[in-house]
Amino acid sequence: MFNNLSEKLDKALHVLKGHGSITEVNVAETLKEVRRALLDADVNFKIAKDFTNRVKEKALGLNVLTTLQPGQLMVKIVKDELTELMGGDVEGINMSGTPTIILMSGLQGSGKTTFSGKLANFLKNKKTKKPLLVACDVYRPAAVDQLHVVGDQIKVDVYSDKGNTDPVAIAKAGIAHAKQNGHNVVIIDTAGRLAVDEAMMKEISNIHEAIQPQETLFVVDAMTGQDAVNTAKAFNDVLNFDGVILTKLDGDTRGGAAISIKSVVNKPIKFIGTGEKMEAIDIFYPSRMADRILG
Ligand code: GDP
């Protein structure tokens with residue numbers, strides 16, 4: 001993952017890494033290269049520009065050129081800024097509420113159902129959690145079946161009501177079912193469309209309002225680059241969600257979405273999906289991701 005960006009940034013920073021003493025020209029040229037590497041990785045233009053400006057200001061403030069190892073200091077500044085850009089600290093899921101209600105949102109194919117299963121499995125493995133998955137896609141019976149398959153696989157109960165066409169009613173009934181059966185986490189998988197549309201936004205917003213989840217997560221396919229950022233913005237405008245799940249990072253060689261999303265919607269990326277299997281889930285650590293990107 002991120003090989004491309006990583007290689008490019010590494011190349012851009014190479015001059016600095018290798019030099020005992022660097023000049024203002026070196027720094028300016030390197031920052032230009034860093035900016036180019038970010039743009040090539042599908043990072044939004046303004047974000048890339050602001051990023052290099054911040055690095056430059058910090059470098060000037062610290063009098064980088066007069067320090068003993070200016071190159072290393074520059075690399076550290078770039079890493080710190082990159083970490084900050086992706087969220088700074090790690091942010092967990094709000095597990096308050098009995099049960100904790102987690103609402104999943106996102107486009108069809110983003111990996112919502114798969115991630116719902118991964119999250120249920122992740123929480124189940126914590127021993128103190130007994131999750132329930134709720135299938136709220138009233139348009140695609142296959143999506144409901146898929147959630148049952150996932151539930152069977154990880155041995156987590158799934159609530160569904162195939163004849164029911166009211167997703168709000170299903171979500172509420174699912175929560176009641178959880179309370180009756182001692183589930184302390186309810187993960188609600190919702191329907192998605194292939195593109196953002198008014199009907200879908202209205203539906204998810206109705207569910208959100210009716211069940212008042214502790215945590216609303218927006219799932220997005222990292223491979224969709226700039227589109228991922230636009231979709232995140234559209235969902236955030238309606239749901240004011242709490243966190244982002246970036247899926248399919250195993251297939252992404254650009255990584256621009258990870259870098260842009262936090263800046264655009266100002267919401268943390270909380271987990272990443274790194275494969276199709278139920279175990280392919282990782283907490284998102286901004287500093288680790290920055291390390292990975294910088295190589
Ligand atoms: P939904 O329509 O949003 O519920 O999306 P699904 O959960 O059905 O996922 C769509 C496709 O993406 C499926 O084929 C999944 O196996 C695949 N998928 C989901 N998450 C990941 C991931 O992190 N990495 C990879 N490579 N594939 C994924």
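Of the 295 residues in the chain, 51% are buried (under 20% relative accessible area, with a 1.4 Å probe and protein chains only). The structure is a predicted model, in which local features need pLDDT of at least 70 and side-chain atom pairs count only at pLDDT 80 or more, while totals for chains, interfaces and linings use all residues. Residues are numbered from 1 along each chain as its sequence is written, and side-chain values use heavy atoms, with hydrogens and water left out.

Eleven helices and eight strands form the secondary structure of the chain (DSSP runs of H or I with at least four residues, and of E with at least two, numbered from the N terminus). The C-alpha trace spans about 70 × 40 × 30 Å along its principal axes.

The ligand is surrounded by 17 residues (a heavy atom within 4 Å), of which Gly109, Thr113, Thr114, Asp250 and Glu276 are the closest. Helix α5 (residues 112-124) supplies the largest share of this shell, with four residues. The shell comprises ten polar, six charged and one nonpolar residue; Asp, Glu, Lys and Arg count as charged, Ala, Val, Leu, Ile, Met, Phe, Trp, Tyr, Cys and Pro as nonpolar, and the others, Gly among them, as polar.

Oxygen atoms of the ligand lie 2.7 Å from a side-chain N or O atom of Glu276, 2.8 Å from a polar side-chain atom of Thr113 and 3.0 Å from a polar backbone atom of Lys248. On its own the ligand has 580 Å² of accessible area, and the protein covers 80% of that area (Shrake-Rupley method, 1.4 Å probe).

How values were computed:
Polar contact = N/O pair within 3.5 Å; in protein donor to acceptor, adjacent residues only side chain to side chain. Buried < 20%, exposed > 50% of the residue type's maximum accessible area, 1.4 Å probe, protein only.
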